[in-house]
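Keep the 3D view open as you read.

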Amino acid sequence: MSFHFSSEGRPLCAILSTTSAQEAAEILQDYLSRITGTFFDIYTGEGRIPSHLSIIRFIQTDAYSHTGFAYAITEDGLCFSGASSETFVYAVYDFLERIIGCRYYTSTAEYIPQNTNLSADFEPYSFIPLIDYREIYYKDFEDRVFARKHKAAQSKVHEGWGFWCHSFQFLLPSKDYFEEHPEYFALLNGKRHPAGEPCLSNPEVRRIMLENLRKFIDEKPECRYWSISQNDDNNYCQCEACKAIDDYDESPMGSVLNFVNYIADEVPDKVISTLSYWYTRKPPKHTRPHSNVHIMTCNIEAGRGLPIEADPACKESKEELEFWANISDHVSLWDYNIQFRNLVSPFPNLRTLAPNMQFFAKNKVKLLFSQCNREIGGEFSELRGYLLAKLAWDPYCNVEAHMEDFCKGYYKEASPYILEYIKCLHDAQDKFSKRLDIFGGPQDAKKTFLTQKLVQHYDKLFAMAKEAVSYDKELLLRTETAYLPVLYAAIVLQYGSRNKRLERINQFARIARATGLKMVEEWKITVDQFVTDALAEL
């Protein structure tokens with residue numbers, strides 16, 4: 001069954017909106033107008049729509065959970081179904097991409113097809129994501145519009161969260177309570193600690209923290225997720241009552257999870273998240289999370305050269321996630337996907353993204369925070385962010401097809417050479433299967449995927465890539481941006497003659513500044529400092 005949108009620039013349909021679908025209707029109107037060159041009216045009452053026009057409808061239903069949606073061609077027209085304004089927006093962007101052919105490469109680059117005779121013919125489609133909350137921590141995803149195009153939460157603001165993490169300090173601030181009630185805080189080495197965690201076995205502490213939480217919830221009633229979690233320290237209470245709970249559970253997680261369960265029971269309409277972090281990394285022996293409690297664990301120790309599930313060196317991270325999955329239906333995960341000490345260096349982990357995401361989904365991860373680069377840019381930030389978003393939505397999608405599609409659309413004629421570079425880089429990593437560490441650097445790969453011979457090969461591939469798009473400044477800059485990691489690694493490893501190294505440094509500086517790159521190491525080393533130090537070593 002086909003649905004016809006326009007003919008020779010004339011609209012053949014109209015959009016019937018509801019209050020909850022208004023934003024999605026306007027997005028659809030905008031894109032259809034840009035695609036066809038015509039204008040599509042939005043109506044709020046069916047009786048006002050001219051009889052010769054087909055109708056695009058929005059139907060509110062919880063049939064696809066609170067995160068999924070459906071769209072189909074029916075006898076009544078084209079129908080979008082979802083539970084909320086957000087899922088309607090996701091459905092429209094998904095439809096425009098899957099069926100119409102739009103592409104959302106970055107926050108400033110997308111593809112919109114042009115067709116004055118637009119029609120669509122497709123089977124009914126519905127999807128409920130396995131992972132409910134998906135946040136990709138790249139700069140592009142701080143743009144709410146771009147994040148929603150990829151059906152992801154806006155990054156950095158942690159959209160939908162009242163507290164993100166380390167919330168004990170907000171629920172029981174020591175500056176307000178310690179002076180009069182030191183017994184509310186952790187007993188450490190025989191003394192109450194003003195910077196310690198709350199004494200979670202104290203009934204008054206429980207009452208006060210719940211009361212304060214309710215005040216925060218009243219200020220942000222729309223927020224679904226609330227992290228009730230330890231502060232960023234190791235100062236947990238060791239009083240007799242807290243210690244008894246922890247001894248019973250053979251982990252300090254015992255007293256924390258008992259308290260979190262109490263909070264969750266008092267606010268059953270909210271999702272309560274807590275950290276499995278630092279002193280709470282060891283799971284409790286007996287206590288189990290209640291139905292609306294999510295455990296947020298992290299896999300910072302895991303290598304990225306092999307899938308976590310298959311890598312013997314990742315045994316601890318694997319087993320920790322599996323344990324929580326065995327005792328809870330709701331696990332949250334703080335995942336890591338870049339090389340933080342060398343943000344621009346080649347980091348061939350693209351082949352592990354899909355098997356890792358499938359492992360997470362299989363182990364009941366419902367909330368995913370994918371930490372990438374808090375800075376501008378980074379190695380393949382555009383491509384990696386794009387793939388992570390696709391996989392977070394559907395861990396079993398064809399990631400190779402998405403990567404090829406992205407490269408062909410974003411790099412155009414340079415794409416064959418960039419795809420070959422990606423293949424060579426990853427083949428070399430796979431050949432040696434050496435640990436790929438998020439805190440590593442080029443020196444670690446000097447005998448694997450960053451040998452001098454391979455770097456020379458990468459240089460040749462990018463020379464051909466740049467030549468292929470030399471006719472267009474924007475495409476050339478995109479291609480040069482993809483080349484920055486090769487330049488960076490070669491500079492760090494001091495490959496080539498003095499003149500060759502100087503040429504690389506100058507080239508790196510020019511491209512980095514043209515792209516707005518600021519940092520080559522998270523928090524610490526700026527581009528200017530890196531260039532200055534590299535020149536000093538010539």
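**Starting at the pockets**

Helix H11 (381-393), helix H15 (473-492) and helix H16 (498-515) each give at least two residues to the lining of the largest pocket. Helices here are DSSP runs of H or I with at least four residues, strands are runs of E with at least two, and both are numbered from the N terminus. Before going on, note that this is a predicted model, where local features need pLDDT of at least 70, side-chain atom pairs count only at pLDDT 80 or more, and totals for chains, interfaces and linings use all residues. Residues are numbered from 1 along each chain as its sequence is written, and side-chain values use heavy atoms, with hydrogens and water left out.

Back to that pocket: H15 gives the most to its lining, with six residues. The space inside comes to about 610 Å³. Of the 31 lining residues, Asp140, Ser381, Glu382, Tyr410 and Thr515 are the closest to the centre. A pocket is an open set of points on a 1 Å grid over the protein atoms alone, where a 1.4 Å probe fits, with protein on both sides within 12 Å along at least five of seven lines; lining residues have an atom within 4 Å of a point. Volume is the space filled by probe spheres set on the points, which are joined across faces, edges and corners.

The second largest pocket has a volume of about 480 Å³. Its lining has 22 residues, with Glu86, Tyr133, Glu159, Gly160 and Tyr225 nearest the centre. Helix H2 (85-100) and strand E13 (133-137) are the elements that supply two or more of the lining residues, and H2 gives the most, with three.

Now look at helix H7 (residues 240-249), where Cys242, Asp246 and Asp249 are buried, meaning under 20% relative accessible area with a 1.4 Å probe on protein chains only, while exposed means over 50% and partly exposed is in between. Those three sit on the same side of H7 because they cover an arc of only 65 degrees around the axis, taken from the directions from the helix axis to the C-beta atoms. On the other side, Glu240 and Tyr248 are exposed. Helix H8 (253-266) is part of what covers the buried residues of H7.

Key: Contact means heavy atoms within 4.5 Å.
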